[in-house]
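Visitor: Hi, I'm new to this one. Can you put it on screen and walk me through it?

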Amino acid sequence: MPLKLPRQPTRTRHPPRPGKPENPQSRGPTLYRALQQQLTETVRAILDASWHIQLTEIVLEQPPDLALGEFALPVAFELARRLRKAPRQIAAELAEKLAAALTPADGFLAFEAAGAGYINVRLDRARLAAALAAPVAESDATRPDSQSRSQSRTQSRILVEHTSINPNKAAHVGHLRNAILGDTLVRILRAAGHLVDVQNYIDNTGVQVADVIVGFLHLEGKTRAEIDALIAAGSSPSAREDRFDYLCWNLYARVSHWYTEGDADEQARRKSLRYQTLHAIEQGGNETALVADRVSTAILRLHLVTMQRLGITYDFLPRESEILHLHFWDRAFELLKASGVLYHETSGKNSGCWVMTRAGTSSTEASSAEDSSAGNAAADGEPAREQPSASDLPDTAAPDRSAPDPSAPDEDAKVIVRSNGTVTYVGKDIAYHLWKFGLLGVDFAYRRFFDYPDHTCWISSMDGESNTEGEASHPRFGGAAAIYNVIDSRQSDPQANVIQALRGMGHTEAADHYTHFSYEMVALTPRCAQELGYTLAEEDRSRPWIEVSGRKGFGVKADDLLDKLTAATRAEVDARQPDRSESERQRIATQIAIGALRYFMLKFTRGSVIAFDFRDALSFEGETGPYVQYTAVRARNIFRKAGITPEAALEAMLSNAATHPDAAAQPDAVTPDNALALLAEANDIWPIWLRAARRHQTLTSAISTAEPATLARHVFQLAQEFNNFYHKHHILTEEDPARKTLLLATAAIALRELTQLLDWLGVEVPEAM
RNA sequence: GGGCGAGUAGCUCAAUUGGAUAGAGCACCGGCCUUCUAAGCCGGGGGUUACAGGUUCGAUCCCUGUCUCGCCUACCA
């Protein structure tokens, strides 16, 4: 499991827990969880009392058909051999014992042996629904179980790093997947009650920025004033093709090509120019560095605006320039040497370098320990930043791989400090991550950088005397108890190295709470590539997808995609809502476009490559964001037409039930006018309520598996269930008062759930569609 | 060579982490707007879960081997 944070009960596994089960009288999803726990505890007690058997976990599932019950226990299968009895017989015996222990008064209506040996459990639907319908149940979402409550009481913070686009070109679809996954992770962590800081790491002194600077200064021979003018003209997102980040997108591609042109001498000269520029930028305090700062800052602002369109915001932007100039590395270097993680290589190809044994190498204890304790995390991947793929780099050098010699130095070791004394990317990242966990002993200075309607985003700064640098009063960043790095899977190796270093330094706690939230890249389908005007090699046409390449300028820009989506949704809205005002229609179209895009990026599990295609992304039918949004709008329209609020509908059902106080205790006594009791037979309505009850379980599962797609799927299924219900039952014309009460309350629950779940995914429900 | 990931319906993807008849969407075929919005609903065809063994009461899932594909494996960042 990638998440090693506050350990929360996940899914249906129930390890033994000390103490009493929660009060089953509590509300909504809480009641559902309490019933689950009460059930597993009782099974445990019966196994112990009857056969002296202790199982480490009691598996709780859902029957394949809701009509069979709410829970299914496969425990009899596991007991069959030990008890030398047929599973079915054991199930029958257990069901009987369970029925004696858990009565309708507890909320359990029946236990039935079924299939080859399952025990199906029926709950009191009326009671569960009443708990869900009760007001205040809402706060349940932000106040999960006792463990996370105590977690937030101690104010331990989680730090999520995402986006981290190199500030040298416009954002593209791949960056959108990162930012949307990261932002959704932030939302669901907050929904679970955690305190979360959002950081966007800015590599403003890297080779990618240097390339664009080479382009401006040497390829185009621009002066700083001319570049400033381009920035001024292209810093409005509405500048479109003049946009500065778009301009740099093209320039970056041209420079990358320029490096490969000319004869060998010329190429060497250009490459040398490249590294001179890079070093000047790293060093700072010179004209080149000043230009680079202007350029990267301008592009950064445009990235923030792009992401803001999607409802994505940040709290802090740590920059590599400050990591360099505030000497984070010097401090980290001392710590690494002192702990023995780094050693000076004196022979072999890495002679003269400070190196670290690579993560996953079997010769180290640390790595084998990690394999056993955190192996899953490594496999599931950790965070990642932008990284040029090998094929992107024009000057790829084939590593010299001679036959390994056991007596030779560790040729596979990771170089952290080069023989010329400069530090590598991983080295700087180790320093940065020591800071993240508050283990470095050095801090950034901070200043305000970007204002959102509800908060300010800060940026790292030098701790200068100048009053424009470093503001004295700033929020505290860093020193997190746990971190998530949203970085694509290609960086799992460097990420593993950082974790390895932390562990090697004895920061086991930090290493255990370091999650590389990894995901596969977004590529383009061959058809999409051709649509964009790229000519493909024969072999590429038959591939399932083609990798995007910033260096080739090959990809779909984020704002272009958003514009295209908005244009498509706007056309639909114009046709469907002709009476609404221009601004209203634009607002609705924007909300739908964002819903489509965010859902599209979230519906795939992290491990699958998204082969991007406009046809799929611009689809608004089936498993899409707009489908779910439309469902919520339908539910809302019912209340508009009915002239009551969803809250009133729920209240009506509860007060109706109040006139039937025996209903919960004696569900057999169904009277025709008892709305809640009707649920007992309503197998076409019950799925909506049951799904509402499972909300928190799904949230917890999404967090523990670090898989937002789980929630996307959950809300889609709820939408399907509601649409089914909507089609089958005509609510406003229902004549039976109790039945109408139930139908309205069901619509209210569905609307509440859809709205809440979409909010967790960063999707709004439009006024109309 | 080593590490990681993937292989499931024509296509794109799921599968409660070992459970009941492997499910959705798209595409295709056929139905449903005089009723709360058809961005919707219902029905249909579609599967040797890459292959071969193994463990298990039970395997898409775990183990071994094989095949195919991708990524990573730099004194780049």
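**A walk through chain A**

Guide: Let's begin with helix 4. Its buried residues are Arg125, Ala126, Arg127, Leu128, Ala129, Ala131, Leu132 and Ala133. Keep in mind that this is a predicted model.

Visitor: How many residues does helix 4 have, and how many of them are buried?

Guide: Helix 4 covers residues 125-133. Eight of its nine residues are buried, so it is mostly covered.

Visitor: What do the buried residues of helix 4 pack against?

Guide: They pack against helix 1 (28-51), strand 5 (118-123), helix 25 (646-658), helix 26 (686-693) and helix 29.

Visitor: Let me step back. How many helices and strands does chain A have?

Guide: Chain A has 29 helices and 18 strands.

Visitor: And what percentage of chain A is buried?

Guide: Of its 769 residues, 54% count as buried.

Visitor: Which residues have the most contacts inside the largest nonpolar core?

Guide: They are Leu39, Leu47, Leu73, Leu79, Tyr314, Phe612 and Trp689. That core has 155 residues. Helix 29 (residues 737-760) gives the largest share, 13 residues.

Visitor: Which residues make the contact?

Guide: From helix 24, they are Val628, Gln629, Thr631, Ala632, Ala635, Arg636, Ile638 and Phe639. From helix 29, they are Leu744, Ala747, Ala748, Leu751, Leu754 and Leu758. These residues divide into eleven nonpolar, two polar and one charged.

Visitor: Pick out Leu758. Buried or exposed?

Guide: Leu758 is buried, because its relative accessible area is 0%, and the cut-off for buried is under 20%.

Visitor: What is Leu758 in contact with?

Guide: Neighbours within four places in sequence aside, Leu758 is in contact with Val628, Gln629, Val715, Val763 and Val765. Leu758 and Gln629 are 129 residues apart along the chain. Their C-alpha atoms are separated by 8.1 Å.

Visitor: What share of the contacts in chain A joins residues at least 24 apart?

Guide: The figure is 76%, among contacts between residues at least 6 apart in sequence.

Visitor: New topic. Asp429: where does it lie, and what does it touch?

Guide: Asp429 lies in helix 16 (residues 425-436). Residues up to four places away aside, Asp429 touches Arg385, Gln495 and Val498. Asp429 counts as buried, at 3% relative accessibility.

Visitor: Last one, helix 7. Which of its residues are buried?

Guide: In helix 7 (residues 207-219), the buried ones are Gln208, Val209, Ala210, Asp211, Val212, Ile213, Val214, Gly215 and Phe216. Their cover includes helix 8 (224-234), helix 9 (244-258), helix 10 (264-283) and helix 11 (287-309).

Visitor: And what follows helix 7?

Guide: Gly221 follows helix 7, with a positive phi near 60°.

Technical notes. Residues are numbered from 1 along each chain as its sequence is written. Chains are lettered from A and ligands numbered from 1 in the order in which they are written. This is a predicted model: local features need pLDDT of at least 70, side-chain atom pairs count only at pLDDT 80 or more; totals for chains, interfaces and linings use all residues. Side-chain values use heavy atoms; hydrogens and water are left out. A nonpolar core is a set of buried Ala, Val, Leu, Ile, Met, Phe, Trp, Tyr and Cys residues joined through side-chain atoms within 4.5 Å. Buried means under 20% relative accessible area, exposed over 50%, partly exposed in between (1.4 Å probe, protein chains only). Helices (H or I, at least four residues) and strands (E, at least two) are DSSP runs, numbered from the N terminus. Contact means heavy atoms within 4.5 Å. Ala, Val, Leu, Ile, Met, Phe, Trp, Tyr, Cys and Pro count as nonpolar, Asp, Glu, Lys and Arg as charged, and the others, Gly among them, as polar.
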